[in-house]
Amino acid sequence: MRARTRLILTFLFPASLLYIVFFIYPALRALYTSFFDWSGFSDNARFTGLDNYRQLYRDDLFIESMSNTLTILIAGGIIVFGLAFALTILLNSGIRGRKLFRAVIFLPNVVAVIALTTMWSVAIYHPRFGLLKNGLAYLGLESWSTILFTSPQNIFKSMMAAIIWINVGFYVVLLMAGIDKIPTELYEAAKIDGANQVQMFYKITVPLLWDVITVGIVLWSINALKIFEFPFAFTALEPSPNTYTVAVYLYVMGFGQRTPIYRLGYATAMGVVLVLTVILVVIVLRRVMRREVIQY
């Protein structure tokens with residue numbers, strides 16, 4: 001038993017050391033930094049205690065960025081999984097070209113984010129030459145074609161639509177991979193009993209796919225809470241405050257803008273709040289979605 005324990009510890013030590021050096025220590029260092037008023041580029045860091053955290057809840061832009069992040073998490077998640085379930089039912093209904101459609105739906109996940117933001121902000125949402133404007137005009141929807149999709153009032157909704165389009169394919173593939181493991185005999189028996197596709201999905205697929213659904217929702221929650229690349233690049237050289245997520249606002253306060261702010265202590269406090277939010281959401285989801293594992 002001792003020899004076995006030493007062997008296990010020997011194999012665990014390199015991974016544990018890397019985890020401590022590259023995650024635990026930076027996390028603790030970030031927590032420490034969040035108690036200081038510090039630009040990040042000088043030696044005169046001033047200890048302010050919890051002042052950075054108090055400022056967060058008086059910062060209207062932080063509250064808006066948190067609201068945007070939670071909107072992507074909740075509203076975006078409902079739409080993403082609703083579309084993913086619908087497409088999964090469709091692709092498993094015996095439609096021809098199933099593999100081709102699955103590959104096409106997944107394609108946005110293998111394209112660089114900057115290319116996707118350029119496509120949506122320039123090729124699709126352009127106020128004069130955009131595909132969406134001209135497509136709506138061609139269909140006779142003149143009132144809709146005059147909408148400025150990148151205006152401050154509409155830009156967040158437009159960005160949400162693009163984020164949903166990008167992510168649906170990943171969860172379709174995830175769900176379909178889980179469905180492929182379900183024995184076909186169960187579906188054949190259900191068909192004999194007169195069940196339709198929707199009934200089979202909710203009575204057979206969902207219960208047997210619950211662990212995959214749980215993993216998918218947890219992955220979406222983590223990615224939605226820390227989303228950065230698409231909102232940051234969507235409005236070109238400088239992000240619009242209307243599209244700020246917590247991660248984007250954190251970066252802007254710590255490092256980026258045409259006129260640098262360099263409030264690294266304040267930005268680190270945002271990072272700590274974001275990490276705690278991710279941990280809390282994951283714990284709640286794991287408890288809420290806990291079900292007895294069905295063996296098949």
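Start by selecting Phe 13: with 55% relative accessibility, this residue counts as exposed (buried is under 20% relative accessible area, exposed over 50%, partly exposed in between, with a 1.4 Å probe and protein chains only). Phe 13 sits in helix H1, residues 2-33; helices here are DSSP runs of H or I with at least four residues, numbered from the N terminus. Before you move on, note that this is a predicted model, in which local features need pLDDT of at least 70 and side-chain atom pairs count only at pLDDT 80 or more, while totals for chains, interfaces and linings use all residues. Residues are numbered from 1 along each chain as its sequence is written, and side-chain values use heavy atoms, with hydrogens and water left out.

Now widen the selection to Phe 13, Leu 17, Leu 18, Tyr 19, Ile 20, Val 21, Phe 22, Phe 23, Ile 24 and Leu 28, which make a nonpolar surface patch of about 1,000 Å². Patch members have over 30% relative accessible area and no salt bridge, and nonpolar side chains (Val, Leu, Ile, Met, Phe, Trp, Tyr) are joined within 5 Å. The areas come from the Shrake-Rupley method with a 1.4 Å probe.

Next stop: the salt bridges. The structure holds three of them, each being a side-chain nitrogen of Lys or Arg within 4 Å of a carboxyl oxygen of Asp or Glu.

- Select Arg 46 and Asp 37, whose side chains meet at 3.1 Å, N to O. Asp 37 is partly exposed, at 35% relative accessible area.
- Go to Asp 51 and Arg 54, where the closest N and O atoms are 2.6 Å apart. Both belong to helix H2 (residues 51-56) and are three residues apart, about one turn of the helix. Asp 51 is partly exposed at 32%, and Arg 54 is partly exposed at 45%.
- Finish with Arg 102 and Asp 180, whose closest N and O atoms are 3.8 Å apart. This pair links distant parts of the chain, 78 residues apart: Arg 102 is in helix H4 (residues 98-106), and Asp 180 is in the loop between helix H8 (155-179) and helix H9 (184-192). Asp 180 is partly exposed, at 46%.

To see the contact (heavy atoms within 4.5 Å), pick residues including Gly 76, Gly 77 and Phe 81 of H3 and Gly 216, Ile 217 and Trp 220 of H11.

How values were computed
Patch = residues over 30% accessible without salt bridge, like charges linked within 9 Å, V, L, I, M, F, W, Y side chains within 5 Å. Helix = DSSP H or I, 4+ residues; strand = E, 2+ residues; numbered from the N terminus.
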